[in-house]
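Colleague: I would like to learn how to read a fold feature by feature. Can we take a few in turn?

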Amino acid sequence: MAFDAFFLILLMLALGMLCRRLFPANAADTLNQFALYVLLPAAILRYASRLSIGAEVLAVAAVPWAVLVATIVCVRLLTRPLKLDVGTRAALMLCIGLGNTSYLGYPLTLALLGDAALPTAVIYDQFGSFLILATWGLWVLARYGGEAPPTPAQSARKVLTFPPFVALVVALTVMPAQPPHAIDAVLLRLSDALLPVVALAVGLQLQLRLPREQLAPLGAGLALKLLLMPLLALGLVALLGLRGLQADAVVLETAMPPMITAGALAISHRLAPTLAAALVGYGTLLSMLTLPLWHWLIG
């Protein structure tokens, strides 16, 4: 399962790069918009409706939010030394703060740690990565994705009318945890299409040779995402009293490469699209080396 997830992502990234000259110039934008307005809301409707909040999840869910705070601090500290512009800062915050904790996180946790660790991975993803994307991630897009910084009212309006956020509200309020079979089957097929579609879109924009000014942000971003943040999580699990498989699953989830959906959102909002694609593409490749390393360390 873990190999299948890796292989699918890498295959779609490669196909995107190969098809760049065959597809129209706006193909990546079209795919991203389709994912944004159809596929991502479908996934949210299907999976968020099953969330149940309890005290036992708080310690696990606290880690991705703490990692997010650390990401924001690190990006701000790097802004002046690396001369980061607004779009680059936003792309780094999205791609470092959000990991591929479901498409890769679930099968890798299952393969490396076993069935008993999977519930912890689900909590980390749903109450951490998923809610961060649907709230803070959308605010970043509203704040930095326009030609001029929006007012607080404009930011709030953009977030509240954003299709994934609307889907989240519906999922947490009126959507039943077990919808009728026909509806659930449609949502399942649409949500399953999210990974290959956004990976293809990222591949269409992925460049093997980056502009020189983006090499430093890329290196810093991948070092933070794949090395420093898992190290932070290693300390946090001890501080929060997490032990055994729970602690191992939290560290492993934090070590996942950048979330493909986060990269696609950054690209669709013109937030350093070349850098965002590189963070996702190269991050996925490098994680094949770093994830086994983290598994060995926590083991």
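**Reading the model**

Modeller: Start with the aromatics; this is a predicted model, and the structure holds one aromatic pair.

Colleague: Which rings form the pair, and how are their planes set?

Modeller: A pair of aromatic rings is described by the distance of the centres and the angle of the planes. Here the rings belong to W139 and Y144. Their centres are 6.3 Å apart and their planes stand at 85 degrees, so the pair is edge-to-face. The cut-off for that label is over 60 degrees.

Colleague: Is Y144 buried or exposed?

Modeller: Y144 has 14% relative accessibility, so it counts as buried. W139, at 37%, counts as partly exposed. Y144 also has a charged residue over its ring: R143 lies over the face, 5.0 Å from the ring centre.

Colleague: Next, the helices. How far apart are the end C-alpha atoms of α9?

Modeller: They are 16 Å apart. Helix α9 covers residues 181-192, and its 12 residues should span 16 Å at 1.5 Å a residue, so the model agrees with expectation.

Colleague: Which residues of α9 are buried?

Modeller: D184, A185, L187 and S191. Down the axis of α9, these buried residues fall within an arc of 165 degrees, so they line one face.

Colleague: What does the buried side of α9 pack against, and which exposed residues does the face turned away carry?

Modeller: The buried residues pack against α2 (27-48) and α10 (194-205). The face turned away carries the exposed residues A182 and R189.

Colleague: Now the core. Which members of the largest nonpolar core touch the most others?

Modeller: In soluble globular proteins, nonpolar side chains tend to be buried together. The largest nonpolar core here has 99 residues, and L94 and I260 touch the most other members. Helix α6 (residues 118-144) gives this core its largest share, 14 residues.

Colleague: What is I260 in contact with, leaving aside its neighbours within four places in sequence?

Modeller: I260 then has contacts with I9, N100, L195, V198, A199, V202 and V280.

Colleague: How far is the C-alpha atom of D85 from that of P41?

Modeller: They are separated by 30 Å, with the two residues 44 apart along the chain.

Colleague: What about A272: is its phi positive or negative, and is the residue buried or exposed?

Modeller: The phi of A272 is positive, near 45 degrees. A272 lies in the loop between α13 (260-268) and α14. Its relative accessible area is 12%, so A272 is buried.

Colleague: And T274: where is it, and what is it in contact with?

Modeller: T274 belongs to helix α14 (residues 273-298). Its relative accessible area of 18% makes T274 buried, since the cut-off is under 20%. Leaving aside neighbours within four places in sequence, T274 is in contact with Q207, L210, P211 and Q214.

Technical notes: Residues numbered from 1 in each chain as written. Predicted model: local features only at pLDDT ≥ 70, side-chain atom pairs only at ≥ 80, totals over all residues. Heavy atoms only, no water. Helix = DSSP H or I, 4+ residues; strand = E, 2+ residues; numbered from the N terminus. Expected span 1.5 Å × (residues − 1). Buried < 20%, exposed > 50% of the residue type's maximum accessible area, 1.4 Å probe, protein only. Arc of directions from axis to C-beta. Contact = heavy atoms within 4.5 Å. Phe/Tyr/Trp six-rings, centres within 6.5 Å; stacked < 30°, edge-to-face > 60°. Lys NZ or Arg CZ within 6 Å of the ring centre and 35° of its normal. Core = buried A, V, L, I, M, F, W, Y, C linked by side-chain atoms within 4.5 Å.
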